[in-house]
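This report covers a few local features of one protein model. The sequence and structure come first.

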Amino acid sequence: MMAKNMNIQNPANNRFGLRRRNRQQRLCSFVLDRHYFVIQITLLFIIIFCILAWFWIHIVTALRRGDALDWNDPSSSMEVVDKDHPMSFTENISGLEKLDVSNMQEPDLRIDSVVAFLINLAELPPQQLWDTFGMGNNDGRNDVNSMYGKDPFSLQELEKGKCPSGLSTAEWLPPRPWNSEEISSKFQSRAEELKAGRGAGKDKPVLIWYEHISKAGGTTFCGLSKTNLGQSLVPRYFCMPKRLNSNDADGRVGSWTNEELIGYTKREKHVLVANEWDPFDLDKLHLSGRTLDGKTLRLTQDTDPLLLFVTTLRDPLDRLLSAYLFFGRIGETPPEFGLWIKRNLGRLGRYKVGEKGPFRCNVARYNAIVWRFSGGDLQHKVPVSSGQKEERQFPLPMTDEKLWRDPFETAIRALSQHDLILPMDIMSKEEGQEAMRRVLGWNEVAIQKGRGNGDRESGHIVTTGKIRNSNAREYLSDEDYRFLWDANWLDNILVLWCRAVFLARLHCSDL
């Protein structure tokens, strides 16, 4: 008993026992920590596996569901929201199914190739671009057939009605807009039903959205529409619709929200509307299930209206001169051409989309096509003066790439989504007539109805006055012509490109 008590009270023995207990506790703690670590790693792997499985299931489901045009699948309804108007398309329209941007088809990369090709052209020095299109070889007739040069768009063969070999893989050739043939067919069927007085029943409204660039054949196109469709199916005032509760003949449809256009189709049986004074509203592409990057949106039976996008383009300098002769040569002492441009460009700061005021000043813009189809994004900025007296009569262009590159790309993408782009000079010729027969179902060439003066038999009229020969190459000196050609270099590229696309689709059966 004495020994036991002495062992308990022995300090050395107590220290030994304490150390042993500490080692045991550390060992237990290590084992437990290791188990916890294994458990944590296992849980982490389980979570990652579940996330990957969730993504895989949704991707496979989306691929199986597909993105084809499906008129009978109400479960595929989607929602597109007008970016400038937070309200969705359907909040004020009862019974309208929605569009869903969550189910988009992947973008068509061919459009990216087109953008890169055209931007490379736009970045060329002015003299090199001039030579690329063979402008120095022009014989003064302003005939596109002599503007070949290096012929980047194969126009030499296309103008002769031939289909160049390998054209289907050309970098500049965009794919046809998604569902273009379906919408064209539906438009023609609906128009025939309405013309016959049978009504369209429950068919979807289908409209031509005509982007009317001033002095580029818009009056002629409107006259052709009234002849082929009948005046009851086209707005009275130069094909421009009236706004609800407005007394203005021109309702400035380019400034309408998508909701307003949908409401208009429910009130009127018109199958065409024209936008002349405002930039192209890029959101209108959504109504046909299209986007700028080539993605496609699923459409449902109750998503309306479908839009068939059409425009006419003209040589940029001829159009600019025609605008001056029509709008500027007024009064006893009209301004010179250059002064008229300067005065109109000076008014651009007061222009607002959809409002009254100096909206006609936009007809005097440099690169008006880019401004129009970029949604008005191309801003006019006066270059910094060199400090020397400027003797030239025309204002300097803005050539800063930071200012033109993005609007130019947007314009390319918007034009790529148009169903029909008619070159004005061949609109009433055999090629133009054939294209309108295919896309619009129009067979009549002579303009029998509607406003306008001119040669109605051949299908060429103007708003008022008489038809003039607005040939900029003949009207201007060589120096002034070259200056304005360089200033409008972006539009020159777009007009020749769109001409080549039009002819390629007309002459090449495999496109």
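In which loop is Ser154 placed? Ser154 sits in the loop between α4 (126-132) and α5 (155-158). Helices (H or I, at least four residues) and strands (E, at least two) are DSSP runs, numbered from the N terminus. The model is predicted, so local features need pLDDT of at least 70 and side-chain atom pairs count only at pLDDT 80 or more, while totals for chains, interfaces and linings use all residues. Residues are numbered from 1 along each chain as its sequence is written, and side-chain values use heavy atoms, with hydrogens and water left out.

Most residues other than glycine have a negative phi.

| Residue | Phi | Loop |
|---|---|---|
| Asn245 | about 65 degrees | between α7 (218-229) and α8 (258-267) |

Asn245 is exposed, at a relative accessible area of 78%. Buried means under 20% relative accessible area, exposed over 50%, and partly exposed in between (1.4 Å probe, protein chains only).

Asp315 belongs to the loop between β3 (306-313) and α9 (316-328). Asp315 is buried but has no salt bridge, that is, a side-chain nitrogen of Lys or Arg within 4 Å of a carboxyl oxygen of Asp or Glu. Arg314, the nearest side chain of opposite charge, is 7.0 Å away. The Asp315 side chain does reach the backbone nitrogen of Leu317, at 3.1 Å.

Ile41 is part of helix α2 (residues 11-65) and is partly exposed, with a relative accessible area of 33%.

Technical notes
Lys, Arg positive; Asp, Glu negative; His and termini not counted. Polar contact = N/O pair within 3.5 Å; in protein donor to acceptor, adjacent residues only side chain to side chain.
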